[in-house]
Amino acid sequence: MLASVSNSGEYGPVPRFSSDWRLSLCKFSASSIHSGFFRAIGRRSCALQRLRPERGIGEQLNVELFPARNHATRRLATACVRAGLAWTLRHDDDRAWREICRMHGVVLSCLQPGEGPVTPADFVRVLSKPLGDWAPLDGDMVPQQLRQLIVLQEDVLTDEAIDYGSEYTEALFDSDGVLDTGQQWLPPWSHQTREQAERSAFTAISSGSQAQYAAGRRMLIEVPTGAETALLMEYSRRGSPRLDVYEPIGGDRTVSVGDRKFWWPCPGCHYPMQVHGSSLRCQYPPHSVHRYFLQARGKGQAPEAINGPVSVTRMDAEGIYCLRWGVWRFIGVPGLAEVLLIDWLNAKPGVTAESWPDKDAYDIGVHMPDGQVLRVDLKDVADARKIISDPPAAEHIVVTDHYKATAATLREHLPKDRYVVHTVSAFKRMITTRLRGSR
């Protein structure tokens, strides 16, 4: 079924695959993972980087242990989603089998000896069970949606795996992509991290003035798609530096009809929705309500998106560019809450909202009528541990309303004498109350 990947490697011979996938995975596991690759990964993973520390290190949350354990949880979630995705592609790409075995090795490196699925075949089977049922996700700060995450359902990648899996994406190998061969063929959402997206986007806009930085940030948020001419006009109109962050719309977001391709913008963020079989949906979890069924029409005609909350019009993909997935997912669409709050604040009499002061030292500087300045960082993440392990500079942490559970966790675990945690709605109420009191 599958040709030999190579006759030998750094860690010994790699076996040819059998026609039986279970036997193939077991053989590959025994020779490639357990005799070499797993040891290579394991050398980088000390006890503190595993999900559960060795006995005697500490039974409760420890500030020094927390970042490493959080990192291990994210690595495990990333590996599970990538393995599930590879499983769905196993009939189309021979590299899927190697990816499953590699991700099995990553998972084992996050667990204690004797824990977790023994073989890659076992690993594939447990992907149909909630993650918390077979992986020891210690700590009360692990979100419930992660504990309950099911990656595969009847050999199909679940929507939750795509939506929430991308929220916990962690870099598994060296950033140069030499070790992570999955980057060469897997879709960006399965491996691109928030840090990688921010690095690629912020390098260009950080080189200019503060005004150019703010203009560039707003363009990433407000212009997710456009024709080349329209994008050039936006750069000029906004005074934004040119950004190498747009690319033609990918095949997983278009439907081909003859020699033409069509796409559908999400009503909430206007980014091309993902096409999966006959379904169409936005890949941003808070926009999951925007889900449609693609109904075939006549021969040679583009399908129609139906059964959604609002109507959506198909668009011709010829000459249209969109933000790279990571830039949209980690900067563009979360930034919608930032610009909405900035515009809301600037509409209040006597209030001035400064956008991303000192090139994103924090998100918003709120200048109140009494001269007080509130430093605000707005967070649009489900994983509170990501914030706790890298606390923001601003004193006011504002969490989007759809992640209000994150706000509750932050209030419990961040120093109360250092941070005030709000939801967006609560922060607006506080500002309104203060303005009334100042009259």
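**Figure 1. Overview of the protein chain.** Residues 24 or more positions apart account for 58% of the contacts in the protein chain with a separation of 6 or more, a contact being heavy atoms within 4.5 Å. The model is predicted, with local features needing pLDDT of at least 70 and side-chain atom pairs counting only at pLDDT 80 or more, while totals for chains, interfaces and linings use all residues. Residues are numbered from 1 along each chain as its sequence is written, and side-chain values use heavy atoms, with hydrogens and water left out. The secondary structure of the protein chain comes to 16 helices and 17 strands; these are DSSP runs numbered from the N terminus, helices being H or I with at least four residues and strands E with at least two. Of the 439 residues, 52% count as buried. Buried means under 20% relative accessible area, exposed over 50%, and partly exposed in between, with a 1.4 Å probe and protein chains only.

**Figure 2. Helix α3, residues 95-110.** The expected span of a helix is 1.5 Å times one less than its number of residues. Helix α3 is mostly covered, with 14 of its 16 residues buried.

**Figure 3. Loop residue Ala135.** Ala135 is found in the loop between α5 (131-134) and α6 (144-147). Ala135 counts as buried because its relative accessibility is 3%. Its C-alpha atom is separated by 7.9 Å from that of Glu115, 20 residues apart along the chain.

**Figure 4. Packing of helix α9 and helix α11.** Helix α9 (residues 210-222) packs with helix α11 (residues 325-332) at an angle of about 105 degrees, and their axes are 9 Å apart. Axes are lines fitted to C-alpha atoms, for helices over the stretch in contact, and angles run from 0 to 180 degrees between N-to-C directions. The angle therefore makes α9 roughly perpendicular to α11, a term for 65 to 115 degrees. Arg217, Leu220 and Ile221 of α9 make the contact with Val327, Ile331 and Gly332 of α11. By class, four nonpolar, one polar and one charged residues take part. Ala, Val, Leu, Ile, Met, Phe, Trp, Tyr, Cys and Pro count as nonpolar, Asp, Glu, Lys and Arg as charged, and the others, Gly among them, as polar. Helix α11 is mostly covered, eight of its eight residues being buried; among them are Trp325, Trp328 and Phe330.

**Figure 5. The four-stranded sheet.** Four strands form an open sheet in the order β7-β8-β9-β10, with antiparallel pairing; two strands pair if DSSP finds at least two bridges between them. Strands β7 (274-276) and β10 (304-306) stand at the edges, each with a single partner strand, so one side of each is left without a neighbour in the sheet. Neighbouring strands are turned by 35 degrees against each other on average, direction ignored. Three bridges join β9 (residues 291-295) to β10, which run antiparallel, and Leu294 stands opposite Ala305 in β10.

**Figure 6. Glu304 in edge strand β10.** Glu304 counts as partly exposed because its relative accessibility is 36%. Leaving aside neighbours within four places in sequence, Glu304 is in contact with Phe293, Leu294, Gln295 and Arg297. The C-alpha atoms of Glu304 and Arg314, 10 residues apart along the chain, are separated by 7.5 Å.

**Figure 7. The five-stranded sheet and helix α16.** Five strands form an open sheet in the order β13-β14-β15-β16-β17, and the pairing is mixed. At the edges stand β13 and β17 (420-423), each with a single partner strand, so one side of each lacks a neighbour in the sheet. On average, neighbouring strands are turned by 30 degrees against each other, direction ignored. Helix α16 (residues 424-437) lies across β14, β15, β16 (396-399) and β17, running at about 105 degrees to β17.

**Figure 8. Pairing along strands β13, β14 and β15.** In a regular strand the side chains alternate between the two faces of the sheet. Strand β13 (residues 352-355) has Ala353 and Ser355 on its covered face, and Thr352 and Glu354 on the uncovered one. Four bridges join β13 to β14 (residues 364-367), which run antiparallel, and the bridge partner of Glu354 in β14 is Gly365. Strand β14 also pairs with β15 (residues 373-379) in the antiparallel sense, over four bridges, where Gly365 stands opposite Arg375.

Note on methods: Angles under 35 degrees count as roughly parallel, over 145 as roughly antiparallel, 65 to 115 as roughly perpendicular and the rest as oblique.
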